[in-house]
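Open the model in your viewer and keep the selection panel at hand. This tour moves from one selection to the next and says what is there.

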Amino acid sequence: MIGPLVLTIPMVAILGYGILEVKRSRPVGIAISLLTIAALAFLWFPELASTIAVALGLSTGDDLVIVAWVGLVTLITLNLHLRLRQQTEMVTRLTRQIAIAGRQAQQDLAGPDGISRLNTVAGVELLPRS
Amino acid sequence: MAATTVPAHVARPLVPVFETPAIQPSLDRVVVAVPALNEAPYISRVVADVIHAGFECVVIDDGSTDETSAIARRAGASVVRHSITLGQGGALQTGIDWAPARGADVIVTFDADGQHRAADIAALLQGLRSQDADFALGSRFLGAAVNMPRLRRFLLRGAIWFTRFETGMNVTDTHNGLRAMTRRGAMTLALRQNGMAHASEILHEIARSQLTWVEVPVTIDYSAETLAKGQSGLDFVAILVDLLMGRLAR
């Protein structure tokens, strides 16, 4: 009884993670949640895993648990990739704003010859020094 | 018989109050946005050609480590410089954000490697005007693709069919960087694909916006340099993966 109890704690944590991720990516969040619920069911009702395993052409319920675990890890990896992508989008927006603000500042501070002496904005180099 | 003169305000054609005049895009100020990454050998000629054709040019330097920015500025372009490299899609969106904010009525996107012809810009503008469209998309398959390798042609054909299926737009070309858009069209674009998948994303966004578009024959010149920097077969796979991941992230 200790085994399923110990495994239930991280499974519930992963389920919570999946539910929270629904807001960010619905298909991935729902898939993680459903797969975790299935894994919890297999943990507490091993005979259910065996029945489904036979129906799916897998030899034993243990194999099904492993397949479910691999699927879960794959989904979490995919989710991390999507999260990284979101971070990249934020970096993109920030970079764009700095570039446009830098160009604007250069124009605003241009000297009588029309050439700006401003080379950096917030420590970011606007033009490579030649 | 005494000559009668018609006052100017009467001579003008009258528009009945119940008739709304067709909305013509104001094409007064055209800005050509050129995303560039380490294009020092070509950028001077590209900027000079665009300016010689009578258009303003903004080069979006995507974090080049060579003299691209300085050369472009000397050639007469405005330069907006990314502090880090984002990718062509990221640079293009910077140009699309920057130009309307500076009063551009039309934004033209133009590659920095010299494969586009500045003379085609006028044809794109004519396409916008004559069709009252918000997007004019250059098509090398309606125009000409000089020295285009067979593999590239084959891959592009596949990409065109995919685009038609995915967007419902009956386009004859895809992933052509030469296009023009009105300010209204530009405001509908918010590209999230920083890499090469942005070209497919633009078509997807045009389809979603339900604004009018037209294709215009243009010429693409392939040289050893442009082919070396261009897309390979593997890039097409990367584009598909990027598009899929982009959808999942929404």
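**Start inside the sheet**

Select B:Val32 and look across to β4(B): B:Val108 stands opposite. Bear in mind that this is a predicted model.

**Strand β1 of chain B**

Select residues 30-36 of chain B, which form strand β1. How many residues of β1(B) are buried? Seven of the seven are, so β1(B) is largely enclosed by the rest of the structure. Color the two faces separately. B:Val30, B:Val32, B:Val34 and B:Ala36 lie on one side. B:Val31, B:Ala33 and B:Pro35 lie on the other. Both faces are covered.

β2 (residues 56-61) of chain B pairs with β1(B) in the parallel sense, over six bridges. Pick B:Val34 to find one of these links; its bridge partner in β2(B) is B:Val59. β4(B) also pairs with β1(B) in the parallel sense, over four bridges. Here, pick B:Val31, whose bridge partner in β4(B) is B:Ile107.

Select residues 106-109 of chain B, strand β4. B:Val106 and B:Val108 point one way. B:Ile107 and B:Thr109 point the other way. All of these are buried.

Step on to β6 (residues 179-182) of chain B. In which sense do β4(B) and β6(B) run, parallel or antiparallel? They run antiparallel, joined by four bridges. Pick B:Val108 again: B:Ala180 in β6(B) stands opposite.

**The whole sheet**

Now select every strand of this sheet. Seven strands form an open sheet in the order β3-β2-β1-β4-β6-β5-β7 (chain B), with mixed pairing. β3 (78-81) and β7 (213-221) of chain B stand at the edges. Each has a single partner strand, so one side of each is left without a neighbour in the sheet. On average, neighbouring strands are turned by 25° against each other, direction ignored.

**A helix pair in chain B**

Select residues 40-52 and 68-75 of chain B, helices α2 and α3. Their axes are 9 Å apart, and the helices pack at an angle of about 20°. That makes α2(B) roughly parallel to α3(B). The crossing is right-handed.

Show the side chains at the contact. From α2(B) come B:Ala40, B:Ile43, B:Ser44, B:Val47 and B:Ala48. They meet B:Thr68, B:Ile71, B:Ala72 and B:Ala75 in α3(B). By class, seven of the contact residues are nonpolar, two are polar and none is charged.

**Zoom out**

Select the whole of chain B. The chain has ten helices and seven strands. Of its 250 residues, 45% are buried. Among contacts in chain B with a separation of 6 or more, 77% join residues 24 or more positions apart.

**Last stop: chain A meets chain B**

Show both chains. Their contact takes 21 residues from chain A and 19 residues from chain B. Which elements of chain A give two or more residues to this side? They are α2 (26-44), α4 (61-108) and β2 (124-125) of chain A. α4(A) provides the largest share, twelve residues. Color this side of chain A by class to see ten nonpolar, six polar and five charged residues.

Key: Residues numbered from 1 in each chain as written. Chains lettered and ligands numbered in written order. Predicted model: local features only at pLDDT ≥ 70, side-chain atom pairs only at ≥ 80, totals over all residues. Axes fitted to C-alpha atoms, helices over the stretch in contact; angles between N-to-C directions. Parallel < 35°, antiparallel > 145°, perpendicular 65-115°, else oblique. Left-handed = near helix turned anticlockwise from the far one by under 90°. Contact = placed C-beta atoms within 7 Å. Nonpolar A, V, L, I, M, F, W, Y, C, P; charged D, E, K, R; others polar. Buried ≥ 20, exposed ≤ 12 C-beta atoms within 10 Å, placed from the backbone. Pairing = 2+ DSSP bridges.
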